[in-house]
Amino acid sequence: MSGHSTVERHGPSRRTAPVRPTAPSSPPSASPSSRRSAPGRRRGGRISRLLGSSAVQGVLILVALVWITPLAGLLLSSMRSEQDNATDGWWTALTDPSQLSLDNYTALLGDSGIGAAFWNTVLISVPTTVLVVAIAALAGYAFAWLEFPGRDGVFLVVVGLLVVPVQIGLLPVAKLFGAVGLFGTIAGVVLFHVAYGLPFAIFLLRNYFAEIPREMLEAARMDGGSEWRIFSRLVLPLGRPAIASLAIFQFLWVWNDMLVALLFADTGSQPLTVALQSQMRQFGSNIGVLAPGAFLSLVVPLVVFFAFQRHFVQGVMAGSVK
């Protein structure tokens, strides 16, 4: 009796209703526009990337054509006779190559004044670039990693010199060079370019050297490396992209300079830019003389740039990717 009542009391609790499978809950119905949004975004992203790549390439090609066309015109004009240049445009040489010859370059290089001016330009540009890079590398390392009294104050003075225009120092430095016997010499032009190129060079290399991990330098010091050894064996190889970029900029600035050379150089020390300017005054608009001289002044900077192009690109991109 009691067992039966127990069964009946607990029976209903044991019997459970059969579990019916329920359909999985469906997500909220999305609107047609939202259903189309994901594929549309993917498709739009691909199209935007393609268009962006094509647009960038098109812009680069256009910029390259804009820059190359005058250079090609200058080259072709420098290889044509004065009569051909006076008759029609340089583009006619593309269909009539018989107009081209090297007579203008032979006559130009045969001029002792132009030849001497070319070597004067080399003697001014190369030492200036070497001195600026060497002094700026040493100073940049000192400002970045060496502790000495007044370091921050001296660096602020260097940064402040960046805003000083070159025209301010022309007259005082000319008087100083005249007093010490450097006026009108190649050494005077080199010293002036070095003095006015150092502030930017020190600022650039100091900021680049400061990005070198401190742990790397401390490990080198713990291994017994001297400051000179750390600078020459560790810092300089790591700073090669920035140093190459600085060398290219400095060389181009000095090679193409005419203001400083026009004031501080005399007839025996004048660079190519001043010599071409004097040729323009002498021969007027004689493109047979000016075109080969102008193209000759472009050849060396182009060779230098393409020779160090890889390091230059690394220096420009330095710091953009962490």
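Tutor: Before we look at any pair of helices, note that an axis is a line fitted to C-alpha atoms, taken for a helix over the stretch in contact, and that the angle between two axes runs from 0 to 180 degrees between N-to-C directions. The model we are reading is predicted.

Student: At what angle do helix H7 and H8 pack, and how far apart are their axes?

Tutor: Two packed helices are described by the angle between their axes and by the distance between the axes. In this structure helix H7, residues 170-180, packs with H8 at an angle of about 140°, and their axes are 12 Å apart.

Student: Which residues in H7 and H8 meet?

Tutor: On the H7 side they are Leu-170, Val-173 and Phe-177, and these meet Gly-188, Leu-191 and Phe-192 in H8. Sorted by class, the residues of the contact of H7 with H8 are 5 nonpolar and 1 polar, with no charged residue.

Student: At what angle do H6 and H8 pack, and is their crossing left-handed or right-handed?

Tutor: Helix H6, which covers residues 151-160, and helix H8, which covers residues 186-209, pack at an angle of about 125°, with their axes 8 Å apart. H6 and H8 are therefore oblique to each other, and their crossing is left-handed. From H6 the contact draws on Phe-155, Val-158 and Val-159, while H8 contributes Pro-199, Ile-202, Phe-203, Arg-206 and Asn-207. The contact of H6 with H8 comprises, by class, 6 nonpolar residues, 1 polar and 1 charged.

Student: How do helix H9 and helix H10 pack, and which residues make the contact?

Tutor: Helix H9, residues 214-222, and helix H10, residues 227-238, pack at an angle of about 145° with their axes 10 Å apart, and the crossing of H9 and H10 is right-handed. Met-216, Leu-217, Ala-220 and Arg-221 of H9 make the contact with Glu-227, Ile-230, Leu-234, Val-235 and Leu-238 of H10. By class, the contact of H9 with H10 has 7 nonpolar and 2 charged residues and no polar ones.

Student: Which residues is Trp-255 in contact with, leaving aside its neighbours within four places in sequence?

Tutor: Trp-255 lies in helix H11, residues 240-255, and counts as buried at 3% relative accessibility. With those neighbours left aside, Trp-255 is in contact with Phe-118, Thr-121, Val-122, Ser-125, Thr-273, Ser-297, Val-300 and Pro-301. Trp-255 and Val-126 are 129 residues apart in sequence, yet 9.0 Å apart in space, C-alpha to C-alpha. Ile-248 also lies in helix H11 and counts as buried at 3% relative accessibility; its C-alpha atom is separated by 7.6 Å from that of Phe-308, which is 60 residues away along the chain.

Student: Where is Ala-261 placed, and which residues does Ala-261 touch?

Tutor: Ala-261 has its place in helix H12, residues 259-264, and is buried, with a relative accessible area of 2%. Ala-261 touches Pro-271 and Val-274, not counting residues up to four places away in sequence, and the C-alpha atoms of Ala-261 and Leu-272, 11 residues apart along the chain, are separated by 9.6 Å.

Student: How many helices and strands are there in the protein chain, and what percentage of its residues count as buried?

Tutor: The protein chain has 15 helices and 0 strands, and 33% of its 322 residues count as buried. Among contacts between residues at least 6 apart in sequence, 74% join residues at least 24 apart. The accessible surface of the protein chain comes to about 20200 Å², and 68% of that surface belongs to carbon and sulfur atoms.

Terms used. Residues numbered from 1 in each chain as written. Predicted model: local features only at pLDDT ≥ 70, side-chain atom pairs only at ≥ 80, totals over all residues. Heavy atoms only, no water. Helix = DSSP H or I, 4+ residues; strand = E, 2+ residues; numbered from the N terminus. Parallel < 35°, antiparallel > 145°, perpendicular 65-115°, else oblique. Left-handed = near helix turned anticlockwise from the far one by under 90°. Contact = heavy atoms within 4.5 Å. Nonpolar A, V, L, I, M, F, W, Y, C, P; charged D, E, K, R; others polar. Buried < 20%, exposed > 50% of the residue type's maximum accessible area, 1.4 Å probe, protein only. Areas by Shrake-Rupley, 256 points an atom, 1.4 Å probe, with all protein chains shown as cover.
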